[in-house]
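Me: I'd like to learn how to read pockets and helices in a protein model. Could you walk me through it?

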Amino acid sequence: MKGGKEIEDFKRKLEAAGVKYCIGAYVDIHGIPKGKVVPIEHLDRMVEGSELYTGYALDGLGQMPNDDEIASVPDLDSMIQLPWQPEVAWMAADNTLHGEPYEINTRVALKKVLKEAEEMGFGFNLGIECELYVLKEEEDGSLSVPDPDDRLVKPCYDIRSFMNRFTWLDKMATTINELGWDLYSFDHEDANGQFEFDFQYSDALTMSDRFIFFRYMAKHYAQEEGLLATFMPKPFADKTGNGAHFNMSLYDKETGKNLFACDPKDDPRGLGLTELGYHFIAGVLKHGRALCAVFSPTVNSYKRLIRQGGMATFSWAPVFNSFGSNNRTNSVRVPMGGGRFESRNADGAVNPYLASALVLAAGLEGIREKLDPGLPQEDNLYELSDEERAARGIEFLPQNLGEAVQAFADDPFVEKALGKELRDEFVKYKSLEWEEYHQTISAWETRRYSHLF
């Protein structure tokens with residue numbers, strides 16, 4: 001926490017920029033931002049924990065109606081002055097209870113695992129590939145692609161459809177760069193109405209803060225145009241889903257050197273990863289089925305994690321707990337050039353703090369235990385027979401949320417990494433989500449059964 005003089009200087013700087021109000025935005029178990037708004041004059045009190053919240057009113061904060069309130073303490077270093085509402089300063093926040101970090105908060109959980117990594121001499125870099133749809137919501141609640149020209153069977157990288165959505169795209173790109181995130185690429189993605197933004201990686205806490213704000217910003221700018229930006233993992237059965245691929249590496253805390261990078265000639269597997277990197281990947285694979293619950297945390301997520309389904313081509317989505325080089329049929333991929341690896345089962349509904357905390361803890365375990373991930377899988381795994389996959393020891397990722405939550409609950413590593421209370425909160429809310437899904441009647445069921453029986 002900054003001292004009194006630093007906070008006063010910070011306040012004066014914000015006031016000079018026209019800021020009138022401050023938001024300290026923490027997230028619930030789902031990664032949805034929550035918070036109160038305070039006038040700039042009361043920022044110092046907010047930093048001291050003045051803003052109290054009844055945790056029972058929110059999902060996954062482990063409280064009952066009789067519990068003391070939790071506070072929200074903003075991280076001043078994360079401040080963003082809203083470009084479309086410059087009177088408001090947005091800051092990521094942590095929860096505290098009685099002045100101490102509240103460990104059921106997922107941002108606090110990530111900071112705890114980052115500290116463990118730091119004690120081993122490591123920092124954790126993360127890049128998230130941001131995929132989303134920009135759609136029209138019809139009066140009946142259905143979703144449609146607003147651009148009538150965007151109807152190619154394979155629209156990936158289509159320039160005309162990209163330019164037809166230029167106003168929204170330009171707002172997003174301009175803001176990303178004004179925020180200093182260093183956008184280096186954006187494009188029309190593999191489905192009609194779908195786009196991707198890629199900006200420079202950073203430390204995992206900063207990237208997680210940015211991803212939360214990115215989702216909020218994308219929705220705001222789409223709403224300005226009467227549209228809906230959605231990160232829903234699978235909005236359409238016949239189109240590609242929204243991934244949020246995690247690209248990860250460790251760096252030396254003293255020198256900043258990438259500890260996963262080496263010349264491919266010095267790597268017996270030829271992928272350009274150090275042994276440390278392979279140990280990390282092995283830890284991720286060891287706990288891959290449990291990790292899937294936080295990378296793909298909704299009922300809808302598992303309609304994305306399919307080989308093809310109702311699509312005209314392969315889905316690109318991972319369904320196997322496996323690793324390889326530039327082979328997108330693995331859940332863990334080492335892109336060309338090495339130096340990092342990508343977890344491909346993360347989707348647009350991910351809580352980045354929770355997923356980052358658990359995947360880092362898994363990787364650190366792999367390093368401590370010097371685990372070996374084996375040889376990379378280079379074939380199209382979608383086309384291998386079950387017998388061929390079994391012979392290679394390749395297991396499926398969970399195929400629905402219920403299976404994923406069970407894998408999460410059954411792995412003792414999860415409680416060790418996150419603590420019992422946060423682990424139990426995730427299991428509780430995601431089990432309820434799975435049960436509620438099975439208590440609803442879908443349009444598919446009505447169409448199939450109402451006249452059949």
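Me: Which element gives the largest share of the lining of the largest pocket?
Reply: Rolling a probe the size of a water molecule over the atoms shows where empty space is left. A pocket is an open set of 1 Å grid points where a 1.4 Å probe fits, with protein on both sides within 12 Å along at least five of seven lines, and lining residues have an atom within 4 Å of a point. Here β16 contributes the largest share, four residues. This is a predicted model, where local features need pLDDT of at least 70, side-chain atom pairs count only at 80 or more, and totals for linings use all residues. Residues are numbered from 1 along each chain, and hydrogens and water are left out of side-chain values.

Me: What is the volume of that pocket, and which residues are closest to its centre?
Reply: The volume is about 860 Å³, counted as the space filled by probe spheres set on the points. Of its 41 lining residues, E129, E196, H245, R333 and E342 are the closest to the centre.

Me: How does the lining divide by residue type?
Reply: Into twelve nonpolar, 15 polar and 14 charged residues; Asp, Glu, Lys and Arg count as charged, Gly as polar.

Me: Which residues of α5 are buried?
Reply: Buried means under 20% relative accessible area (1.4 Å probe, protein chains only). In α5 they are W168, L169, M172, A173, T175 and I176. They lie on the same side of α5, because they cover an arc of only 165° around the axis, taken from the directions to the C-beta atoms.

Technical notes. Helices (H or I, at least four residues) and strands (E, at least two) are DSSP runs, numbered from the N terminus. Buried means under 20% relative accessible area, exposed over 50%, partly exposed in between (1.4 Å probe, protein chains only).
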